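Biologist: I'm new to this one. Can you walk me through it?

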Amino acid sequence: TILGHRLFCTTTRKTKPDFTCVKPWKIGRKIASSFKNRTALDYFYADGLDVGTGFAAVQAAVNHCRSSRRPTFLHLKTVRLMGHAGTDFEIEYRALDDVLAGEASDPILQTAAHALDSGALKPAELIELYETIRKKCFAAAEAADQSPKLTSLAAVMAPLAPYTPDAVNSEAKRCDYSDKRVALWGEQLPEASAPKHLAVNINLALHDLLLKYPNSVIFGEDVALKGGVYTVTKNLFKTFKGSRIFNTLLDEQTILGLAQGFANVGLLPMPEIQYLAYFHNACDQIRGEAASLQFFSNNQFRNPMVMRMASLGYQKGFGGHFHNDNSITALRDIPALIIGCPSRGDDAAMMLRTLMALAHVDGRVCAFLEPIALYMTKDLHEPGDGQWQFAYPAPTQALKLGEGRIYFGDATDLLIISYANGVLMSLRAAKQLAMEGKKVRVLDLRWLQPLNAKQIAEHARDCKAILIVDEGRESAGISEGVFTAIVEAGLGAKACKRVVGADTFTPLAGAATLVLPSDETVLVAARGLVAG
């Protein structure tokens, strides 16, 4: 099907191709009969070649959609002109009569005829208007041709990922909405309450961000009254109502497409993708559209947003690769996309503030990966120790982009670099090795894109050996980027090892743990490095 024309081509050995074209009016009838009488769809027809009646019909469809809030189907009659590109020789696959009929129906000629017939313009006025527009077009083309050409990599990449650190940090820590916080929580503000696990800290941060940014919206599958699969958005709907917190179709393309539309009209969207695996259903909405807009428009347009995604593995009782996806390669491969991934609740809250500031100030597209298995985690070493619960940070606190968290910064026997679930395994290994007389430093990356190569190299230089714990897959995972940073810093001669996920989808039930790093595999690898 080529823009309303369906072509059937049959060939034989000794004859030229025979093209039969189904006429547009027949296609139009089929479209009308298919969509006109659908119960949940309101059908409108407009003649796109008649600027008078056609415009009114289009306007009626738009007004109906906006006022009724119902799905509306606009069937617009138009014509296809010219081929796809300069090398697209139309008469090789379209009947000549069809090409000529299309050119005769050129909307510019049709509109000119309507203007003359209605008396809106006289022939001389029409020609003058045409020539004036043509001169403007040629002048614009000439100006574009004479504009400076891109001659350096820096010039090419300048609009890709704008970043103003001071402005972003100032915005992330801005708290000029204290009255709204008191109105919501009373005098008992959340930062004064007892330490909480990851899910609660994220929930509190989302409340704060919705107060801070009146143009922000949260939407996704079951995020409203239900509060999401893991209750991370609990009570947001009750507080901010359905105009700012609402459910969507079970379709990730719709969710991320909505986010782009909202961003284009001045909103600050926080779309939720229910599971990381579901992002791949709509990856091109970010790769081909949202994250590329600043680059291809030379920073004239932007799609600021913060995508939240329940992510990674180790989830118990809810198996399968759709719910335990540890592959973030597709995300890291998107130029300019910022990826944050916290392992603890206070970092999550501060990271969200920074991501929203990046979107608000610099128009950046951001992804926030929330480790599912850590949502409700309270303990670190022993059941009941409560060491993985953290106080909610005051809204004046935020993280700098790229800044990792260091544990045991004076240790030099071994550096373990990790993120998310791997951080807890690394800390448990560090404790065990400390009991064996070895001092282990742990670096929680927190930011997975862009990686902070300088910080990685700084801590790798201080330590005798390096272990990278990456719950992502062996191929194209975070560990490869970390390894590269170490080698390019001239530290490739140091003893260095990886503990990573296998190159496979995640199986069901207990078998899921077989393809991911574990406390045991991390400890064994760490022992081997310090023993050497």
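Modeller: A term to begin with: buried means under 20% relative accessible area, exposed means over 50%, and partly exposed lies in between, with a 1.4 Å probe and protein chains only. Strands (E, at least two residues) and helices (H or I, at least four) are DSSP runs, numbered from the N terminus.

Biologist: Fine. Where does this come from?

Modeller: This is a predicted model, where local features need pLDDT of at least 70, side-chain atom pairs count only at pLDDT 80 or more, and totals for chains, interfaces and linings use all residues. Residues are numbered from 1 along each chain as its sequence is written, and side-chain values use heavy atoms, leaving out hydrogens and water.

Biologist: How many helices and strands does the protein chain have?

Modeller: The protein chain has 20 helices and 16 strands. Its C-alpha trace spans about 95 × 65 × 50 Å along the principal axes. Of its 532 residues, 45% are buried.

Biologist: Now strand E8. Why is it called largely enclosed?

Modeller: Because seven of the seven residues of E8 (residues 305-311) are buried, the rest of the structure largely encloses it. Both faces are covered. One side has Met305, Met307, Met309 and Ser311, and the other has Val306, Arg308 and Ala310.

Biologist: Which strands run parallel to E8?

Modeller: Strand E7 (residues 268-273) pairs with E8 in the parallel sense over two bridges. Strand E10 (residues 365-371) also runs parallel to E8, joined by seven bridges. Two strands pair if DSSP finds at least two bridges between them.

Biologist: What stands opposite Arg308?

Modeller: Glu272 stands opposite Arg308. Phe368 in E10 stands opposite Arg308 too.

Biologist: Switching topic. Where is His360 found?

Modeller: His360 is in helix H16 (residues 345-362). His360 is partly exposed, at a relative accessible area of 34%.

Biologist: And what is His360 in contact with?

Modeller: Leaving aside neighbours within four places in sequence, His360 is in contact with Glu171, Tyr213, Leu268 and Arg302. Contact means heavy atoms within 4.5 Å.

Biologist: Last one. At what angle do H18 and H19 cross?

Modeller: Helix H18 (residues 453-462) and helix H19 (residues 478-488) cross at roughly 65 degrees, and their axes come within 9 Å. Axes are lines fitted to C-alpha atoms, for helices over the stretch in contact, with angles from 0 to 180 degrees between N-to-C directions.

Biologist: Which residues meet there?

Modeller: Ala453, Ile456 and Ala460 in H18 meet Val482, Ala485 and Ile486 in H19.
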